[in-house]
Amino acid sequence: MKLRTLAIAAVAMGLAGSTLAQMKPEDEIRYRQSVMNVVGRAFGPMIQMAQDKRPYSRDIVEKNTRVMETVIGLHWDSFAPGTEKGAPTKADMKIWSEMDKFKAAADKSVKAVGTLSETLKGGGDEKAVKSALGEVGKTCKGCHDDYRLKEARN
Ligand code: HEC
């Protein structure tokens with residue numbers, strides 16, 4: 001009886017696994033865009049503060065950094081091979097021929113957000129926080145310049 005239950009569980013898990021593997025490209029595309037939009041919404045006000053276009057608020061920076069930290073690692077797998085098309089996307093086809101470089105650019109961004117968070121936790125002053133924000137911004141821009149198209153393609 002117990003063995004049978006185990007076998008059923010294994011089959012169920014196998015099925016779950018294959019469902020994941022068969023996630024439709026359009027779902028992956030929408031997912032990565034949704035996460036990137038959350039990242040952008042959190043980062044927008046902060047980069048304005050770093051550029052002195054908006055008054056500095058440590059509360060907002062702390063809150064938005066937590067959001068970014070939580071989501072910035074979620075969507076990179078949604079650029080896996082097979083997700084080149086399937087829904088309108090601004091992802092440049094170069095991503096899939098330069099995947100190592102793209103992943104390195106993603107890692108840089110994740111690390112920069114980590115450094116921002118450490119700066120805050122370490123009690124960094126406004127100047128230090130703004131500088132860490134600027135570093136994050138460079139990683140966004142760097143990757144967008146290289147791998148994000150201006151117009152969505154199908
Ligand atoms: C490693 C590359 C990379 C990094 C790093 C990166 N992005 Fe992106 N971003 C992209 C790509 C590619 C797209 C387009 C995705 C698509 O349409 O499928 C995108 C899309 C976006 C969008 C949606 C824009 C639109 O036109 O719908 C926003 C907002 C955004 N990124 C913000 C950010 C912010 C803020 C950062 C830095 C914290 C960041 N991104 C870091 C590659 C990157």
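## Reading the model

Helices here are DSSP runs of H or I with at least four residues, numbered from the N terminus. Their axes are lines fitted to C-alpha atoms over the stretch in contact, and angles run from 0 to 180 degrees between N-to-C directions.

This is a predicted model, in which local features need pLDDT of at least 70 and side-chain atom pairs count only at pLDDT 80 or more, while totals for chains, interfaces and linings use all residues. Residues are numbered from 1 along each chain as its sequence is written, and side-chain values use heavy atoms, with hydrogens and water left out.

## Helices α5 and α6

Let us begin with helix α5 (residues 99-121), whose axis comes within 9 Å of that of α6, crossing at roughly 165°. The two helices are therefore roughly antiparallel to each other (a label for angles over 145 degrees). Their crossing is left-handed, a term for a near helix turned anticlockwise from the far one by less than a right angle.

Contact means heavy atoms within 4.5 Å. Among the residues making this contact are F102, A105 and L116 of α5 and V129, L133 and Y147 of α6. By class, the contact of α5 with α6 has 14 nonpolar, 3 polar and 3 charged residues. Ala, Val, Leu, Ile, Met, Phe, Trp, Tyr, Cys and Pro count as nonpolar, Asp, Glu, Lys and Arg as charged, and the others, Gly among them, as polar.

## Helix α2 and its partners

Helix α2 (residues 25-50) packs with helix α6 (residues 126-147) at about 120°, their axes lying 9 Å apart. These two are therefore oblique to each other, and α2 passes α6 in a left-handed crossing. On the α2 side, F43, M46, I47, M49 and A50 take part, meeting residues of α6 that include K130, L133 and C140.

Helix α3 (residues 58-71) also packs with α2, at an angle of about 150° and with the axes 9 Å apart. That makes α2 roughly antiparallel to α3. Here V35, V38 and M46 are among the α2 residues that meet α3, where I60, V61 and M68 are among the partners. The contact of α2 with α3 divides into 13 nonpolar, 2 polar and 1 charged residues.

## The iron site

Which protein donors does the iron atom of the ligand have? They are M36 (SD) and H144 (NE2), 2.1 to 2.7 Å from the iron; donors are N, O and S atoms within 2.8 Å of the metal (3.2 Å for Na, K and Ca). This pair links distant parts of the chain, with M36 in helix α2 and H144 in helix α6, 108 residues apart.

The site of the iron atom is octahedral, with angles of 84 to 179° among its 6 donor atoms. Six donors count as octahedral if opposite donors are over 155 degrees apart and all others between 65 and 115.

Notes: Parallel < 35°, antiparallel > 145°, perpendicular 65-115°, else oblique. Tetrahedral: all angles 85-135°; square planar, octahedral: opposite > 155°, others 65-115°.
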